[in-house]
Amino acid sequence: MSLTYTAPLDEMRFTLSEVFDAKNFWQQHSQLNHVDIDTVEMILAEMSKFASTALLPINQSGDNEGASYLGEGKVATPAGFVDAYRQYAEAGWIGLGGDPEYGGQGMPKMVTMLAEEMLFTANQSFALYPNLTVGACLCLLTAASDEQKQQYLHKLYAGTWSGTMCLTEPHAGTDLGIIKTRATPNADGSYAITGTKIFITGGEHDLTENIVHLVLAKTPDAPVGTKGISLFIVPKFLVNDDGSLGERNAVSCGSIEHKMGIKASATCVLNFDGATGYLVGQENTGLATMFVMMNYERLTMGLQGLGASVLAYQNAARYASERLQGRADAGVANPDKPADPIICHADVRRMLLNAKTNSVAARTFAMYVAKQLDISKFADDADEVATAKAKIALLTPIAKAFLTDKGFEAALDCQMVFGGHGYIKEWGMEQIVRDTRISQIYEGTNGIQSLDLLGRKVIKDEGRALFALLDEIRAELEGVPNHSIGTAMQQAVLEIDSLTKSLMQAAKSDANAISASSVSYLHAVGYLCYAYMYLLIVKTCDGKTGEFYESRRQLAEYFVARVLPNLYTHSAMAKAGSSTLMVFDNEFFINH
């Protein structure tokens with residue numbers, strides 16, 4: 001059975017235009033008032049068509065075939081990927097949010113976020129190729145010279161060239177301060193890059209004529225640790241002064257990884273053997289520049305979790321409506337047939353509603369973060385920009401980790417709806433599970449995101465951004481409609497306020513407190529953020545009639561009753577401290 005997908009355009013429009021009133025928001029900012037809602041509607045409709053007709057049909061076949069290492073450094077993508085990528089590039093999708101000065105279309109993140117959701121829903125492996133290119137463009141826009149921008153951005157936005165980010169090495173993952181890749185200055189101002197990078201998404205493929213690698217390396221006299229990291233452009237083919245391609249650079253793919261999922265995405269080992277590289281920005285500022293790209297990728301990985309939740313839900317709901325098994329507990333629902341559809345059973349509905357409430361909250365939260373990104377980039381008021389940047393710093397680890405954790409859980413719930421068929425390859429559900437698992441691992445594991453949230457974004461910040469978010473929620477609670485979400489939110493805010501202060505105090509005397517509590521803390525705050533989104537949804541629906549608005553209110557009721565209680569479970573675990581974790585000797589884990 002083939003997977004099916006219909007983009008939830010009505011839900012997207014509701015989130016964009018009603019919950020966040022995008023039209024007025026754009027008109028209030030001089031750098032955004034060129035954005036026309038009718039044009040945005042057409043963009044979303046076209047991406048919906050492309051996702052369902054060009055990308056979804058090569059999703060399962062791409063998984064079956066996978067990317068292939070052909071030897072001699074060459075990699076082939078599965079059948080249909082080259083043509084789909086050509087269509088994608090020619091339609092201008094890669095430059096949708098790009099700088100118009102270099103051929104981009106200048107659309108705000110609130111728009112590109114929805115396009116990315118559809119991309120990840122239809123084909124997670126395919127989505128990674130252009131996604132890395134967009135991130136590379138952001139990195140170059142941040143720190144590259146004018147000459148470098150002119151030389152590379154036009155081709156990257158056009159999809160003629162693609163981009164990568166080369167951080168990880170065999171011995172250095174999270175701890176980038178110990179990377180061994182070296183950059184030795186050449187007489188002409190370039191550098192000779194030598195080293196090995198692993199887990200490089202799109203490091204080699206047959207989709208574009210050139211690949212622009214952004215590589216972290218250390219110069220000979222660099223300071224120790226992360227302060228000594230520089231960033232370099234290392235193109236697969238050197239670029240001549242007139243923009244044409246020159247000779248092949250000394251960078252090659254040694255192999256591709258054999259992975260659990262996203263098999264159509266080429267994950268490469270790259271060998272740099274004195275490859276010619278060009279410094280981006282100043283020496284020893286590479287990590288800060290690269291984090292511009294990494295933070296973009298982390299937010300986008302959250303959309304991978306959202307996309308998985310949407311695709312899994314749509315197919316599980318269809319299956320549950322057609323699969324006949326047993327009789328409904330409340331009485332025969334289908335007397336003309338030997339059994340009733342399993343969607344009649346409360347427990348099946350529980351699994352489906354877990355996925356549905358997740359996707360609605362996740363999309364709303366992603367839009368909330370996207371709006372902050374647009375404010376930070378386009379607003380004229382300095383205070384408004386500063387407030388948005390503080391929110392982005394706080395919420396980025398949640399957007400990456402919570403959305404992917406919950407997206408993976410939704411995929412598991414929907415796989416379970418299929419019973420044994422969910423474990424069989426032909427039905428497609430097991431692929432969604434396999435593909436989505438990586439979203440919790442790459443771009444900084446979700447455990448690392450949790451440490452970032454609690455350690456850096458809360459405790460190091462003395463809770464300022466977090467408590468400001470709680471104040472914002474309290475303000476939104478004023479005038480809340482008659483709905484259970486109001487009382488639930490008041491209690492949730494008090495719980496997170498208390499939990500945060502408790503952990504800030506614990507961290508003063510317990511060196512392990514942050515690490516012991518961070519994952520549970522992120523989940524507790526994540527559930528609060530989702531509840532906040534449902535508060536905004538309920539307020540938006542207040543006074544409006546019709547099945548769509550009523551279903552939003554009902555989903556909020558389900559969330560309050562069945563999902564939000566998880567906040568208190570995670571809060572209790574976070575408060576438990578580190579003693580029960582650290583009481584064991586290291587030898588216990590080997591000998592027992």
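1. Burial comes first. Of the 592 residues in the chain, 58% are buried. Buried means under 20% relative accessible area, exposed means over 50%, and partly exposed lies in between, with a 1.4 Å probe and protein chains only. This is a predicted model: local features need pLDDT of at least 70, side-chain atom pairs count only at pLDDT 80 or more, and totals for chains, interfaces and linings use all residues. Residues are numbered from 1 along each chain as its sequence is written, and side-chain values use heavy atoms, with hydrogens and water left out.

2. Next, the overall build. The chain holds 20 helices and 11 strands. Its radius of gyration is 24 Å, close to the 25 Å from the globule rule for 592 residues, so the chain is as compact as a globular protein of that length. That radius is taken over C-alpha atoms, and the rule is 2.2 Å times the number of residues to the power 0.38. Helices (H or I, at least four residues) and strands (E, at least two) are DSSP runs, numbered from the N terminus. The C-alpha trace spans about 80 × 65 × 60 Å along its principal axes.

3. Now contacts and surface. Take the contacts with a separation of 6 or more: 74% of them join residues 24 or more positions apart. Contact means heavy atoms within 4.5 Å. The accessible surface of the chain is about 24,000 Å², and carbon and sulfur atoms own 52% of that. These areas come from the Shrake-Rupley method with a 1.4 Å probe; for residues, only the protein chains shown count as cover.

4. Two annotated regions deserve a look. An unreviewed UniProt entry lists "domain: Acyl-CoA dehydrogenase/oxidase N-terminal" at residues 41-159. That stretch is 66% helix and 6% strand, with its end C-alpha atoms 23 Å apart. UniProt, again in an unreviewed entry, gives residues 165-273 as "domain: Acyl-CoA oxidase/dehydrogenase middle". Residues 165-273 are 0% helix and 47% strand, and the end C-alpha atoms are 17 Å apart. UniProt positions follow the numbering used here, feature names are shortened, and annotations may be inferred rather than shown by experiment.

5. Look at helix H1, residues 9-19. Its buried residues are Leu 9, Glu 11, Met 12, Phe 14, Thr 15, Leu 16 and Val 19. They pack against several helices, including H3 (37-55), H10 (346-378) and H16 (513-541). After H1 comes Asp 21, which has a positive phi near 45 degrees.

6. Most residues other than glycine have a negative phi. Asn 284 has a positive phi of about 70 degrees. Asn 284 sits in the loop between strand E11 (267-280) and helix H9 (286-322). It is partly exposed, at 28% relative accessible area. Glu 462 has a positive phi of about 60 degrees. Its loop lies between helix H13 (446-459) and helix H14 (464-476).

7. Is Lys 400 buried or exposed? Lys 400 is buried, with a relative accessible area of 0%. It lies in helix H11, residues 382-417. Not counting residues up to four places away in sequence, Lys 400 touches a set of residues, among them Arg 298, Met 301, Glu 443 and Gln 449.

8. Last, Asn 131. It belongs to helix H7, residues 124-143. Asn 131 is buried too, at 5% relative accessibility. From Asn 131 to Tyr 157 is 26 residues in sequence and 11 Å in space, C-alpha to C-alpha.
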